[in-house]
Amino acid sequence: MVHATWGDWFVTEEVEGSEPDGVSVWYLGCNGFVVRSAETTLYIDPYFADGDPPNIVRMIPVPMDPADATLCDAVFVTHEHIDHMHPPSYAPLVNADEGMLYAPQAAYDRPNYDGDLEVADERRAVVADGESVTVGDFTVHVRGANDPDAIEPVTYVVEHDAGTFFHAGDSRPADTFHDIGAEFDIDLGVLAFGTVGAIYYPDDDETRTTRWYMDENQVIEAANALRLDRLLPSHYDMWRGVTADPKVLHEHAASYQYPRVIDVASIGDRLVLSEPGIVPSRT
């Protein structure tokens, strides 16, 4: 079950009640985002569940119930893990506005989820490295990733006349990032930032040291390969035991050319592609 901590004000008043001038991006926490223009609404890796206690425990509020959304032209999924490919989170979005679900083949074949995928076959599309998809006034380019914990991960380059947004999923530094950085002029890029923590695995009844996502040095390495003007760290806020402090990234980035700006967003924050910083809440 999805239970929104914030009721419906965030999606109704903040996201759908706004009138984007160019492209606005809202951080949903974990690795989820809403990307909106005046014409088109995209969701990337939305996740509104509690995790799987006691193995993974959500540390941040649930900002919205996807059933309250009325605007969604497409949902893009980077890989099969439950906090990225989660039917109770994406299905109401896709079904609300007759949108489409885009994901790698492995996310459909081997999702980290036991239930039904909850979206009709005609609303599912498979994406792979090198392909491009046009949704409204966005063009989404699918590129490769380096996520050793996933089966067939991808990254997304979202192009619009107002700017370019990059979502790396849970990828660590990858050779393909150099190619992406050379091909695209990215205005805002999202990289998953985490740490090493002690995580309890109930199936084995043991606690193991676990590394999730990139550390500080890897984030800056990836940002330079991608030539990011602006970096938005994500995922650092989500799981009990592997949270991290994104403010330390400024120190690691100080001697490098990229990123030029690091925007640290909290869940629910809005950014625009045309200028750095957080946009104050409309309400």
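Strand β12 (residues 163–167) is mostly covered, with 5 of its 5 residues buried; buried means under 20% relative accessible area, exposed over 50% and partly exposed in between, with a 1.4 Å probe and protein chains only. Strands (E, at least two residues) and helices (H or I, at least four) are DSSP runs numbered from the N terminus. The model is a predicted one, in which local features need pLDDT of at least 70 and side-chain atom pairs count only at pLDDT 80 or more, while totals for chains, interfaces and linings use all residues. Residues are numbered from 1 along each chain as its sequence is written, and side-chain values use heavy atoms, with hydrogens and water left out.

Within β12, G163, F165 and H167 point one way, T164 and F166 point the other way, and all are buried. On one pairing, β12 runs antiparallel to β11, to which 5 bridges join it; strands pair if DSSP finds at least two bridges between them. V158 has F165 of β12 as its bridge partner. The two strands β11 and β12 form a hairpin with 2 residues between them. Strand β12 also runs parallel to β13, through 3 bridges, and here the bridge partner of F165 is L188. Between β12 and β13 the chain passes through helix α4 (residues 175–183) in a right-handed β-α-β crossover; right-handed means that, with the strands pointing away from the viewer, the path from the first strand over the helix to the second runs clockwise.

F165 is also among the residues with the most contacts inside the largest nonpolar core, which has 27 residues; the others are V35, L42, F76, Y102 and Y156. A nonpolar core is a set of buried Ala, Val, Leu, Ile, Met, Phe, Trp, Tyr and Cys residues joined through side-chain atoms within 4.5 Å. Elements giving two or more residues to this core include β2 (33–36), β3 (41–44), β11 (154–160) and β13 (188–192). Leaving aside residues up to four places away in sequence, L42 touches F33, V34, V35, A74, F76, V135, F138, V140 and V158, where contact means heavy atoms within 4.5 Å. A second, separate core has 26 residues, including V15, W26, F48 and V119.

Across the whole structure, 0 disulfides are found, a disulfide being a pair of cysteine sulfur atoms within 2.5 Å. For C30, the nearest cysteine sulfur is that of C72, 17 Å away. The sulfur of C72 therefore lies too far from that of C30, its closest, for a bond. C30 is buried, with a relative accessible area of 0%, and C72 also counts as buried, at 1%.
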